[in-house]
Amino acid sequence: MGCFKKIFNWMATRVACASGHPTAFLTAVSVVLVWAVTGPLFHFSDTWQLVINTGTTIVTFLMVFLIQNTQNRDNEAIQLKLDELIRSTSGAHNFLLNIEDLTEEELQLIKKRYSELAVKVREELKIGKKDLGNPEIRLSVEKEKAAASKKAKAQKPEK
């Protein structure tokens, strides 16, 4: 299976690069023009219309998978590069490494912390303080989840 994956990745990368090239666009335009010009020759028949519909549907169907594959790999590479920048930057929060693997709830809690920091910094800028330094941010997701769960239980009426 590993060999198939290598071949597929190689092919997906090549096809994605080729399909994004101006020559590919000109080829596609040429195919559509040839199809349109041949309309009168085939009396604009159902078969004539079916040729372009089927051809474009097949190409679109296959391209979805190839493009998704290249986007997945590109996204993974970007995430790894960002992780390396976080890891190697003094004062950065290593907690943010692999943040894309967190749940939506955990991401929202972290976003809330950064939003609170942004508001605080803007207020401090208004009174003349500088936006320098690396303030500590509480990123204790587990504590936040436990507190939210406890709050929800306290608000829930008992039966």
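Biologist: From the N terminus on, how do the elements of the chain run?

Modeller: They run α-α-α-α-α, which comes to five helices and zero strands. Helices (H or I, at least four residues) and strands (E, at least two) are DSSP runs, numbered from the N terminus. This is a predicted model, where local features need pLDDT of at least 70, side-chain atom pairs count only at pLDDT 80 or more, and totals for chains, interfaces and linings use all residues. Residues are numbered from 1 along each chain as its sequence is written, and side-chain values use heavy atoms, with hydrogens and water left out.

Biologist: Which residues line the largest pocket?

Modeller: Rolling a probe the size of a water molecule over the atoms shows where empty space is left. On a 1 Å grid over the protein atoms alone, a pocket is an open set of points where a 1.4 Å probe fits, with protein on both sides within 12 Å along at least five of seven lines; lining residues have an atom within 4 Å of a point. Here the lining includes V15, T27, I52 and M63. Two or more lining residues come from each of α1 (2-19), α2 (22-37) and α3 (46-88).
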